[in-house]
Amino acid sequence: MKRKLLWTSLLTPFLLGINTLSDGYRIPKGSSLRLYLPYGAQGSCYNIQNNHASSDLFVPTKTSTEWTAFTGASKPAFIVATQCYPKSCKEIKETLSSPADGVYTIDSDGLTGNASYQAYCDMTTDGGGWTRIFRHNTAGGYFASTADALSKNTAAPTGNLYSVLNKIPDFVAGGKYRFRQTWPGYSQKNIWLQSTNPLSDVVVSGWTPIMATAITDRWGGLELGNGTHGPTNSNQSLLDGSIQFTDWWYAVGSTVAYGTPAGIPAASSMLGTGAGVAEVNLWIKEDDTVATYNSCKHILDSGASIGSGLYMINPGGGGSVPVYCDMTTDGGGWTRILNHNFSDGVFASVAEALNYNSSAPLAARYSIMGRVGGFYRSGKLELRINWPGSGSTLRNWWTQTSNFTADPIAGYTAVAVECTTNYWGGLEYNGASNMALSDGSVSHSNWFYAVGMMAAAGYGTPAGIPACETVTGAGVIGVPRVELWVK
């Protein structure tokens, strides 16, 4: 029996056709290999060191029986097998066949010396493989301090005050951290990437929303709530998502209660500005990939929508940008390519009107109209315009074949048009006027239905953006805001 073990374990250096689960693994002399295999309820992990002076080592892994026999057998002194643990819930999901949600033992820093710990894994939602690094339910009270919130009750991952936030650096992938923040009992959730560790005293950078539906209150990822990098939240929480502001919405590691009912500040869009929620969870996954969708409609049609909110798209292949998607109105799948609040000023030029604040889709003055060519379907653009804050819910929904950022109107077809006054007939280019990039008073000098307004004085009294008289009533009246959408 001993002779058979040595025969299957030692290899001549030229035998290379292995290194798969079904064939087994080769460990060169004087080296080691960490193997995490799909055997047992939570898998089986060993770091195997081959200290032989001249021969490589073969490790049989084709069956659970072979693997167990190898790990359990007496071994020559040159073989050192040390039990290890999976690094994350993601590694467990990728190794095991359909693992269940639940508590697993992981060792997120691998073999560098820190102890293993227990974590709750979500193996099903949002692609699965999420490691919960923080759970705070106010039934357990609040953290004693921001330092207390860094690491707490690490052996109780389903407890009311659980934190392994100090493990965040272990989960970096490609220089980025992938987070998910949820509030049990509420449908809103945020999934995003950022390149900065929120525990570091730095301004958030590399923020990339993957899908996010809680987006009010200056949300832009997570940052240290207190430090020298910007405004502090007076140690009311370790982390918050009101980036570079004293508010502490999206709090993680709250030390005090907020609002009535008392709880944790999440987003004002959930319960209003004066109420807290009972629980917040923070999840992490070592994955820096971003799925490629060309529009909000593509996201909706692919079944990847979690509701109206922020997503990443790559229209026309010109590079990914964050956008706001309306996933409910008029069938959903609408990408907002213009948000213009007149109180924030006007666009300084045609170039600005085509592309402004492209990485900040919630900005008061925002445009990616220069990317509209990437939204053509069957030779047409499907567009919608509306005027929030005007007191009117009217909107125009239509298709046209011409690109309104460069050409006169062509191929106009109404779908659901509620404003027809002031020479309406779709959108066409008007940039040479220096009044607006485009307008809907087709083949006329008027510039109602303006998008990409450049006229500094505005239009009408009160000054604003020219919409149409069906919205404002008769007279020279501007509206405070316009949105343009494409599908």
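Reply: Start with helix 2 (residues 64–72), whose buried residues are Trp 67, Phe 70 and Thr 71. They span an arc of only 90° around the axis, so they sit on the same side of helix 2. The arc is taken from the directions that run from the helix axis to the C-beta atoms. This is a predicted model: local features need pLDDT of at least 70, side-chain atom pairs count only at pLDDT 80 or more, and totals for chains, interfaces and linings use all residues. Residues are numbered from 1 along each chain as its sequence is written, and side-chain values use heavy atoms, with hydrogens and water left out.

Me: What do "buried" and "helix" mean here?

Reply: Buried means under 20% relative accessible area, exposed means over 50%, and partly exposed is in between (1.4 Å probe, protein chains only). Helices (H or I, at least four residues) and strands (E, at least two) are DSSP runs, numbered from the N terminus.

Me: Which exposed residues are on the face of helix 2 turned away from its buried side?

Reply: That face carries Thr 65 and Gly 72.

**The whole chain**

Me: How do I get an overview of the chain?

Reply: Begin with its secondary structure: seven helices and 28 strands. Then take the extent. The C-alpha atoms fill a box of roughly 100 × 55 × 35 Å along the principal axes. Of the 487 residues in the chain, 51% are buried.

Me: What can side chains of opposite charge do?

Reply: They can pair when their charged atoms come close. The test for a salt bridge is a side-chain nitrogen of Lys or Arg within 4 Å of a carboxyl oxygen of Asp or Glu.

Me: How many salt bridges does the structure hold?

Reply: It holds 19 salt bridges. One of them joins Arg 336 and Glu 483, with the closest N and O atoms 2.7 Å apart. Arg 336 lies in strand 20 (residues 334–341) and Glu 483 in strand 28 (residues 481–486), so the pair ties together parts that are 147 residues apart in sequence.

Me: Are Arg 336 and Glu 483 buried or exposed?

Reply: Arg 336 is buried, and so is Glu 483. Now try Arg 365 and Asp 344, whose side chains meet in a salt bridge at 3.2 Å, N to O. Arg 365 is in strand 21 (residues 365–367) and Asp 344 is in the loop between strand 20 and helix 6 (350–354), so this pair ties together parts that are 21 residues apart in sequence. Arg 365 counts as buried at 12% relative accessibility, but Asp 344 counts as partly exposed at 35%.

Me: What about Arg 377?

Reply: Arg 377 forms a salt bridge with Glu 382, the closest N and O atoms being 2.3 Å apart. Arg 377 is partly exposed, at 35% relative accessibility. Glu 382 is buried, at 14%.

Me: Which residues are linked in a network of salt bridges?

Reply: Asp 326, Asp 330, Arg 384, Arg 395 and Glu 418.

**A buried charge**

Me: How do I read a charged residue that has no salt bridge?

Reply: Look for the nearest opposite charge. Lys and Arg count as positive, Asp and Glu as negative; His and the chain ends are not counted. Glu 286 is in the loop between strand 17 (279–285) and helix 5 (296–301). Glu 286 is buried yet has no salt bridge. The nearest side chain of opposite charge, Lys 90, is 5.3 Å away.

Me: Which side chain does Glu 286 join in a polar contact?

Reply: That of Ser 88, at 2.2 Å. A polar contact is a pair of N or O atoms within 3.5 Å; within protein, one must be able to donate a hydrogen and the other to accept it, and residues adjacent in sequence count only if both atoms are side-chain atoms. Leaving aside neighbours within four places in sequence, Glu 286 is in contact with residues including Phe 171, Val 172 and Ala 173.

Methods:
Contact means heavy atoms within 4.5 Å.
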